[in-house]
Every structure is written in C-alpha cells, then in structure tokens.
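Here is a short briefing to read alongside the sequence and the 3D view. Take a look at both, and then we can go through the model topic by topic.

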Amino acid sequence: MPTGSGKPTSASLSEVLEGLLKAKVDFILVGGLAAVIQGAPVTTMDVDIVHNQSPENIARLFAFLKSIEAVQRRLDDKLIEPKRRDLSGKGHVLLTTRIGPLDVLAVIEGGRSYENLLEHTVEIDFRGHTLRVLDLKTLIELKNASTDLKDKQRLSVLKETLRQLKEKYGRRGDKEDSESE
Amino acid sequence: MSEEPKIDDQSGVDKGLVAMFLRMSPEERLLANDNAFRTILELRDAYRQRKADERKPE
C-alpha cells in the first residue's frame with residue numbers, strides 16, 4: 001500500500017529498468033530513455049515501456065508495480081494503485097513509483113504493440129540482463145510522425161546521433177551497444 | 001586548418017555533445033541521465049520552496 005505522497009523517494013530510472021528485468025517482465029524500452037541508451041544527449045524524466053500483454057507477463061509486471069508502490073500519476077494528490085486490468089487494455093498507464101516515474105504503454109504511435117515492435121529492437125547487455133530497446137531508426141520514424149512539440153525538438157538530436165553512429169559503425173549504426181566499449 | 005563546426009548551423013545540434021555521449025557505454029549514459037534527473041528534481045524542489053517562502057506573510 002503506498003504510504004507517501006506518490007513522489008519518488010530515491011529516484012533512479014536505471015533502478016526501474018533493472019527492477020523490471022530482475023522481475024522477468026517482457027518489455028521494450030521506448031521513448032527518451034531508449035534514445036539516451038543509444039547515445040542521444042537528451043535528458044528524460046521517466047521510463048517508457050511497451051509490454052508483452054500475455055497473462056503471465058501481466059502478472060509479473062503487476063507484482064513488480066506493487067513492489068515499487070506504483071500509483072497513478074495525477075494532478076491531484078489521490079493515491080490510486082493501478083489495477084491488473086489496466087495493464088491488459090489498450091491504453092497508457094502513467095505511474096509514479098518509489099524509484100521513479102514509469103509509463104506502461106500497451107501500444108505506441110500507429111497502434112504498434114510489443115509484437116509489432118520486436119523486429120525493430122536492439123538487445124543491450126545491462127547489469128547481467130538483456131534489455132530490448134527500440135532502435136534509433138524507428139524512434140526517429142515515430143518522432144517524425146509525432147505532433148508533440150517535445151518530440152519535434154528532439155528529432156534533430158536523434159538524427160545527428162544516428163548519423164554519427166552510421167559513420168562509426170556502418171549502415172545499421174547500432175552495433176556498438178551489444179558489445180563492451 | 002579549418003575544423004568541422006561543433007554546432008550544426010541549421011538544427012542547432014551540438015555535434016560535439018553527441019560525439020561525447022557516443023563514447024560512453026549504455027550504462028554510463030543511463031547514469032548520466034539519472035544524475036540529470038535527480039538534479040532537476042532537486043532544483044524544482046528548491047524553486048517551489050522559494051516560491052512558497054515568498055508567499056508566506058512576514
């Protein structure tokens with residue numbers, strides 16, 4: 001049961017990621033943090049994931065959310081815990097947790113789900129786990145189609161990051177992250 | 001000898017900053033973001049506190 005103000009007490013987005021991986025939740029990291037991991041010099045304030053909606057995975061994700069005292073992110077001070085059915089719907093579940101904000105997304109732009117996005121991911125070794133991250137090329141495609149002002153502002157940075165990656169590692173530009181540097 | 005400009009004229013993107021981030025490992029990039037995240041929260045709290053103090057009657 002959440003007891004605080006819904007504000008993170010020891011904010012660390014990498015701890016949110018590590019927790020999800022330790023809890024064996026199947027997900028794809030999307031959004032700003034996916035760009036950060038692949039080298040874009042941007043700052044982001046939350047973790048955005050698209051999760052596998054199998055019943056087993058939803059059970060694991062739900063248990064993890066309980067363990068980090070997740071509550072809905074709201075304008076008022078009400079502390080409302082997410083329900084299991086929220087995670088199996090098609091909407092976005094925007095949460096505040098003890099260790100940082102987490103957005104659990106069933107689908108992203110164009111109705112793309114976990115299964116649709118899998119082929120556009122890169123796998124990164126992270127603290128002994130394999131982290132699936134939406135690749136930079138697809139992130140750019142999504143931001144290109146976005147009407148969000150923040151996305152438009154970031155687009156140039158993402159494009160320059162991909163350009164430098166391609167210059168360094170060739171066509172795909174995502175080789176280095178699967179290797180130690 | 002002319003050097004490649006670090007800031008892109010059209011987009012305003014700092015190419016040197018991108019190159020610096022690309023030299024870091026994914027873990028280092030995450031930690032850099034975590035540090036920025038915590039600093040922003042701290043600054044926001046300080047700003048809110050300042051505003052609250054200003055509103056207090058003398």
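## A walk through the model

Helix α1(A) is followed by Lys24(A), whose phi is positive, near 60°. Helices (H or I, at least four residues) and strands (E, at least two) are DSSP runs, numbered from the N terminus. This is a predicted model, in which local features need pLDDT of at least 70, side-chain atom pairs count only at pLDDT 80 or more, and totals for chains, interfaces and linings use all residues. Residues are numbered from 1 along each chain as its sequence is written, while chains are lettered from A and ligands numbered from 1 in the order in which they are written.

**Confidence**

- The predictor gives the complex an ipTM of 0.79 and a pTM of 0.87.
- Chain B has an average pLDDT of 85, and 90% of the residues score at least 70; pLDDT is the predictor's confidence in each residue, from 0 to 100.

- A residue is buried if 20 or more other C-beta atoms lie within 10 Å of its own, exposed if 12 or fewer, and partly exposed in between, with C-beta atoms placed from the backbone.
- In a regular strand the side chains alternate between the two faces of the sheet. In β2(A), Val47(A), Ile49(A) and His51(A) point one way, and Asp48(A) and Val50(A) the other way.
- Strand β1(A) (residues 27-30) runs antiparallel to β2(A), joined by four bridges; two strands pair if DSSP finds at least two bridges between them. Leu29(A) has Ile49(A) as its bridge partner in β2(A).
- Strand β5(A) (residues 102-105) pairs with β2(A) in the parallel sense, again over four bridges, and Leu105(A) is the bridge partner of Val50(A).

**The nonpolar core**

- The largest nonpolar core has 53 residues, and those touching the most other members include Ile28(A), Val30(A), Ile49(A) and Val133(A). Such a core is a set of buried Ala, Val, Leu, Ile, Met, Phe, Trp, Tyr and Cys residues joined through C-beta atoms within 7 Å.
- Val30(A) sits in strand β1 of chain A and is buried, with 26 other C-beta atoms within 10 Å.
- Val30(A) and Ile49(A) are 19 residues apart in sequence, yet 5.6 Å apart in space, C-alpha to C-alpha.
- Leaving aside neighbours within four places in sequence, Val30(A) is in contact with Asp48(A), Ile49(A), Val50(A), Ile108(A) and Leu134(A); contact here is between C-beta atoms, placed from the backbone, that lie within 7 Å.

**Chain B and where the chains meet**

- Chain B contains two helices and zero strands, and buried residues make up 16% of its 58 residues.
- Helix α2(B) (residues 26-55) has 30 residues and should span 44 Å at 1.5 Å a residue, which agrees with its end C-alpha atoms being 44 Å apart. The expected span is 1.5 Å times one less than the number of residues.
- Pro26(B), Arg29(B), Leu30(B), Asn33(B) and Phe37(B) are buried in α2(B). Their cover includes α1, α2 and β6 of chain A together with α1 (15-22) of chain B.
- Between the chains, 24 residues of chain A are in contact with 22 residues of chain B. On the chain A side, α7(A) gives the largest share, seven residues.

Note on methods:
Contact = placed C-beta atoms within 7 Å.
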